[in-house]
Amino acid sequence: MSTSTAPEYPAVRLYIAGEWRDADDGRTAPVVNPATEETIGAVPLATTADLDDALEAAADGFRTWRRTPVAQRTAILRKAADLITERAPKIGRVMTLEQGKPLKEGTGEAARTADTLRWHIEDARRAYGRTIPSPPGTILSVRREPIGPVAAFVPWNFPVGGPNRKISSALAAGCSTVIKASEETPATAAALVACYADAGLPPGVLNLVFGEPADVSDRLIASPVTRLVAFTGSVPVGKLLAAKAGEVMKPSLMELGGHAPVIVCADADPVKAARRAAQAKFFNAGQVCTSPSRFLVHESRYEEFTAEFVKATERVVVGDGFAPDTTMGPLSNERRLAAAERLTADAVRRGATVRTGGLRPERAGYFFAPTVLTDVPDDALIMSEEPFAPLAPIVPFADLDDALALANSLPYGLAAYGFTESAATAEKLSAELEAGILSINHCGGSVHEAPSGGVKDSGYGREGGPEALDAYLVTKRVSHQLG
Ligand code: NAD
């Protein structure tokens with residue numbers, strides 16, 4: 001187990017109407033380092049008055065930003081992207097301190113998010129409408145306009161990439177935003193927002209708040225200022241926020257959880273599949289909405305796959321994210337650690353075998369050993385509940401149609417993975433797996449050039465790709481009779 005010394009934690013403030021400020025009543029909540037369980041700082045909790053100020057600022061900011069010529073808007077955003085690139089090492093250090101991931105991953109996430117912003121900047125210049133052939137004397141056109149102020153809610157697993165997906169799409173489309181980032185990773189979100197602020201974004205265009213999540217979402221969603229609700233997080237909270245948005249007739253963008261199946265077919269290379277799947281499984285300690293989480297392996301490849309997967313799992317170096325050799329940090333909060341322990345104990349109680357891991361190491365911090373479970377019965381909770389933890393249940397199958405039925409049997413449909421050397425089998429998996437994101441023969445992450453999002457209970461709307469701006473734009477038909 002690796003250890004190392006952490007840097008200083010910065011003071012965190014709300015950002016409202018172009019000013020950094022404390023909560024109106026001075027209330028804060030502690031921020032904890034998940035690698036040590038020590039309190040490292042405090043996050044201000046916005047009052048109703050703070051939220052109303054943020055909403056008023058977003059209304060003002062929208063009036064300014066929507067009229068700002070696209071060339072000027074994109075020039076400011078390009079400067080913000082350059083500042084994110086320049087500050088990526090600093091942002092990465094804060095992220096490791098409050099979220100726990102290895103420093104290299106935090107820095108990499110910050111660097112990549114600048115490119116996400118650059119992708120959206122390019123797309124902002126191409127948010128074309130169209131002109132439709134019409135009788136002489138009339139002009140019939142379709143315009144795409146920013147929807148208005150956005151209320152965005154993001155979690156703690158990608159403390160810079162998560163907020164920036166929402167912020168960059170909204171601002172590129174010409175919307176203003178009030179974003180509630182996670183109270184567990186507030187300094188990373190503040191460091192990101194500072195890049196936009198320091199790039200010269202007009203006051204009110206981007207506002208950052210923290211608070212009691214339910215109070216914040218109630219206030220922001222109900223406000224007539226808000227025109228779109230954008231959320232990334234768990235399915236239950238997504239359903240709650242989508243229902244609240246529906247009550248006040250507001251569209252929503254929902255990026256929710258999943259329980260990604262990995263189907264390793266009889267015609268796959270089991271060693272390659274095991275190495276690639278294990279690498280993805282333990283990335284960010286399994287706290288990724290697209291993390292491979294149910295491994296369905298053809299019985300003829302089962303032993304070879306499992307043996308190689310266990311070897312790869314045992315090569316994972318668990319430790320403090322600041323230690324240079326760490327490849328997996330702690331879980332980010334106590335809730336995930338409790339879930340890892342509960343799901344492992346439940347599977348074992350029902351007959352599963354722990355092939356490696358299965359324990360919380362004896363040290364401070366929310367660490368849980370990377371774990372492989374076999375002989376997992378279908379009714380074990382881990383086969384239906386998203387683990388969001390470094391747990392890999394591996395089960396054999398005899399018939400591909402049965403594996404597909406099992407894969408599709410849950411209400412989720414975010415990511416799915418297939419391993420096969422046959423083009424025909426790859427096509428069958430592509431056609432039949434119910435998921436918004438499918439990867440064949442690899443378990444790579446999302447790319448900003450292509451859309452990501454779910455089907456079924458995993459949500460609706462897409463982030464990334466040219467589709468990313470759709471939720472943030474409305475379509476207006478204009479017919480103009482000349483003379
Ligand atoms: P949770 O459901 O308590 O919270 C998820 C996120 O929603 C957090 O950021 C939280 O602050 C926020 N939230 C909770 N209630 C809210 C409300 N009423 N209004 C606005 N925001 C609210 O879960 P958790 O323990 O933080 O995370 C664990 C689960 O969340 C995982 O099992 C996973 O399914 C899901 N999750 C998904 C993603 C993703 O990328 N889709 C990211 C993080 C967590």
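Predicted model: local features only at pLDDT ≥ 70, side-chain atom pairs only at ≥ 80, totals over all residues.
**Reading the ligand site and the core**

Reader: Which other residues have an N or O atom, or a polar side-chain atom, by the ligand?

Author: Glu255 uses its backbone, with an N or O atom 3.4 Å from a ligand nitrogen. Arg335 brings a polar side-chain atom to 2.7 Å from a ligand oxygen.

Reader: How much of the ligand's area does the protein bury?

Author: On its own the ligand exposes 800 Å², and 85% of that is buried by the protein.

Reader: Which elements give two or more residues to the shell?

Author: Those are helix H6 (213-222), strand S10 (228-232), helix H7 (235-247) and helix H10 (334-349). By class, the shell has 13 nonpolar, six polar and five charged residues. There are 24 residues around the ligand, and Trp156, Ser217, Ser234, Arg335 and Glu386 come nearest.

Reader: Where does the ligand lie relative to the domains?

Author: Between domain 1 (3-256 + 457-478) and domain 2 (260-447), because both give residues to its shell.

Reader: And how should I read the largest nonpolar core?

Author: The general idea: in soluble globular proteins, nonpolar side chains tend to be buried together. Here, the largest such core has 81 residues, and Leu77, Phe153, Tyr196, Leu201, Leu208 and Tyr472 have the most contacts inside it. Helix H2 (residues 70-99) gives the most to this core, 11 residues. Domain 1 and domain 2 both give residues to this core, so the core lies between them.

Key: Residues numbered from 1 in each chain as written. Heavy atoms only, no water. Near = heavy atom within 4 Å. Polar contact = N/O pair within 3.5 Å; in protein donor to acceptor, adjacent residues only side chain to side chain. Areas by Shrake-Rupley, 256 points an atom, 1.4 Å probe, with all protein chains shown as cover. Helix = DSSP H or I, 4+ residues; strand = E, 2+ residues; numbered from the N terminus. Nonpolar A, V, L, I, M, F, W, Y, C, P; charged D, E, K, R; others polar. Domains from an automatic or database assignment. Core = buried A, V, L, I, M, F, W, Y, C linked by side-chain atoms within 4.5 Å. Buried < 20%, exposed > 50% of the residue type's maximum accessible area, 1.4 Å probe, protein only.
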